[in-house]
Amino acid sequence: MTEDSTKDSNFKSFVNINENRSKLLAFILANVQDFDVSEDLFQETILEILKNGDKYDSSRPFLPWAYGISRNIVRRFWEREGRKPLTMRQEVLERLAQAAVDTDCELWREERIALQNCLEKLPARLNKLFVLRYGYNLKGQKLADRVDFKVGSVRTTLARLRKRLRECITTQINQVY
Amino acid sequence: MTEKEFESLLTTYLDGQISDNELADLDRAILDHPKFRERFQTEFRLHTLMREGAITRLELNGLGIGKIFCSYGGRNIGSRFALIVAACVVLVGLVLWVWLSPGRVNHRPVVGVCLQVSGSGGVMIERNNKRIVIGQNSPILEGDRILSGPRAKGLMQLTGGVILSLEGGSSVYFIGRTSAKETEILLEQGEALFEVDRREPNENRFVVRTPQTSVTVFGTLFALETQPTRTRITVYEGLVHFRQENTGEVVNVASEQYAETSQGPLQAIPLEALESAEQYMGMTLYPTDDAHLEDGQFLNKQHLYVDGGRREFYLKFRIPEVKKNIQKAILQLTQLMDVGFGTLRFYEGSHTDWTEQNLSVERAPETQQEIARYNGIVGPHQVIKVDVSDLIKQAGQYTIIVKQDPVGDFNDISFGSKESTLGPRLIIYQQQIEQQADFGKEFLRDWELATLGPAQSPNQMTLYPTDDAHLEAGEFANLPYLRVEGQRRVIHLRFDVPDKGIIREARLQLTQMNDVGSGTLKFYEGSHSDWSEHDLSVGRAPTPLWEIGRHTGVVGLNQVVEVDVSDLIHRPGLYTIIVTLDESGDNDIAFGSKESALCPKLIVDY
């Protein structure tokens, strides 16, 4: 491996990570189901990808290769933490993770931009819930205590929040085009 | 499984509290039913994007991610944050390293990244004949074209130490490397501000082209504005070679100078002409007090700092009694010491009972409503101007508080205070100046008056469409009327705007004919003007790009609907305007076409 080709592979990896950041994060998140943990593992994945850039065959799609790396990192994480899920559960989580990201990259990009506008329009109550759940990563009873709801109501309101944002995103995208 | 049961499972899954049995049920539903699979994908995509959105928001609110997670999660992720920062530095370094190396990859390399999009209308990227809306962190590739909506701005960081701030209604094409030592971009239309790191003669050259000129940059801060027939460059710092392609003339434009094509021989002119033109008929006021807040203390020094949530500054002005009504008030700040970029927000202060000597956190005014905003770069000695007319309408005392949205580390900006020679200024315009919607246009007109000779009386021109037609049942109809109704009937208008000088304002008038109706008429810029009313078809018709105006209400008999389209029509050229009506039952409205006596009109003030 020459110095130039190493640079090229790093460069390509950087481009690929940058373009597919959300999908890669989603893949890990679907596997571990926790925002904080998934972001830690995402950083590990980036470093691993850059370290192994020369092993990536650029004639093949980037994401499946990157998913493979992140899958190994997730498995390593379970072992390190000593709380490896049952094999069946792990298989299901991996299958769902694959399904979650099996969509067009541009859709992710468009929706990310539309979501920024939609979040501006949230009423104060939903905004608070959004920040606590998605920003501070509170869930279950802790989240319910903070917003003074019952746990069941929090779940329903979060579902309503997502529905509202989904409708707003669809409207925004249709308006632009 | 019913939809309700599926939704319940999905919610439990997203909450991260799903049991093994529930997970197996969810998995089975997704495997067996494509609609559940699609629903799962949509919801999980949103779930992930919401997390990213929340983190961005918290960063913007200046709360600091590390602190948040420590206090709520009890986990020390400060080191993780440092790791992220380090990784970013490594990645940016890699890009620059690879870019500058001869072994760079040739296949559509990344030439930059979008740092920020502000305003309304959005910024699009045209890549492989497809247009995509872009936002923060979207990569820019060689061969991309970036288009900004009339009211949108895009801030981009390019490889090779270039920051580009693209103004509304502009288009820039990233040509990339044209030789081993030269990188080019083409500003096709509109205006952009460039900040370019200093270059040695043997280093990679950065060249900005316009349709008429080329600018070779050696490290500078400059603004470039191009119209179909002319280009103007304003250099704030450094030096550029400015070349007019059709005549071969070259001029060196240095700091505090500008040059423009189509003004006789190409020459560099001092910027004072611009400054004096800008202030003509205005009254300049200086703050009675100014100070900045830093780490809980107010400092009264030569600099006024803003720095994310850490530093902000306060200005107090006294507006004397003036004979005529105040029509416009422009606040000017001049950079001093620290350059930076980002969003500056200007707020009304809750009271004026303070001085720069006695200001403390306890007695400091609080922010009220936001009155102005500035997005983009603030370079060396750059003067930024914001319209504060919403606040300053009459005599009295006013407090203005200036804050910066957090962008990242080391991105503070400082401006001269009243204790320096580059202090804040408030320019008050009274009735003599005609009311105009856009300060930029007024500025341009003043500049034109000062540099091109004696004042001219406003010149108005009424233009009629060269072509008009409406889409009906999948075909374009070229009739004496133009009908609009939901998505079924859409009006297309094409105008040829001649070059008669600087365009100050443009208004479109449509006159009702045949069908009256009501609703919201929306006016869009069309994606191209390569059509005529004789050959228009669904396949080749332009599509709506940006909304440029709207009219809501009833359109009665012979009523004239007028919309301001100045945001779109501010320079000569061909324009397509598309008109739609929001759907509401069978409601439709018809206007006269150019084949009738009630022809559409475009009234242009030069």
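Is B:Asp295 buried or exposed? B:Asp295 is exposed, because 7 other C-beta atoms lie within 10 Å; the cut-offs are 20 or more for buried, 12 or fewer for exposed and in between for partly exposed, with C-beta atoms placed from the backbone.

A quick word on reading the model: this is a predicted model, in which local features need pLDDT of at least 70 and side-chain atom pairs count only at pLDDT 80 or more, while totals for chains, interfaces and linings use all residues. Residues are numbered from 1 along each chain as its sequence is written, and chains are lettered from A and ligands numbered from 1 in the order in which they are written.

**Two loop residues**

B:Asp295 sits in the loop between β17 (289–294) and β18 (297–299) of chain B; helices (H or I, at least four residues) and strands (E, at least two) are DSSP runs, numbered from the N terminus. Its phi is near 50°, a positive value in a residue other than glycine. In chain A, the loop between α1 (3–32) and α2 holds A:Gln33, which has a positive phi of about 60° without being a glycine. A:Gln33 counts as partly exposed because it has 19 C-beta neighbours inside 10 Å.

**Two helix pairs**

Here are the packing values, with axes fitted as lines to C-alpha atoms over the stretch in contact and angles running from 0 to 180 degrees between N-to-C directions.

| Helix pair | Angle | Axis separation |
|---|---|---|
| α1(B) and α2(B) | about 120° | 10 Å |
| α2(A) and α3(A) | about 130° | 9 Å |

α1(B) and α2(B) are therefore oblique to each other; angles under 35 degrees count as roughly parallel, over 145 as roughly antiparallel, 65 to 115 as roughly perpendicular and the rest as oblique. The contact is made by B:Phe6, B:Leu9, B:Thr12 and B:Tyr13 of α1(B) with B:Glu22, B:Asp25, B:Leu26 and B:Ala29 of α2(B); contact requires C-beta atoms, placed from the backbone, within 7 Å.

α2(A) and α3(A) are likewise oblique to each other. Residues making this contact include A:Leu41 and A:Ile49 of α2(A) and A:Ile69 and A:Phe77 of α3(A).

**A buried strand residue**

Now to strand β32 (residues 490–497) of chain B, where B:Ile491 is found. B:Ile491 is buried, since 25 other C-beta atoms lie within 10 Å. Leaving out residues up to four places away in sequence, B:Ile491 touches B:His470, B:Leu482, B:Val484, B:Ile578 and B:Val579. The C-alpha atoms of B:Ile491 and B:Ser593 are 9.8 Å apart, although 102 residues separate them along the chain.

Key:
Contact = placed C-beta atoms within 7 Å.
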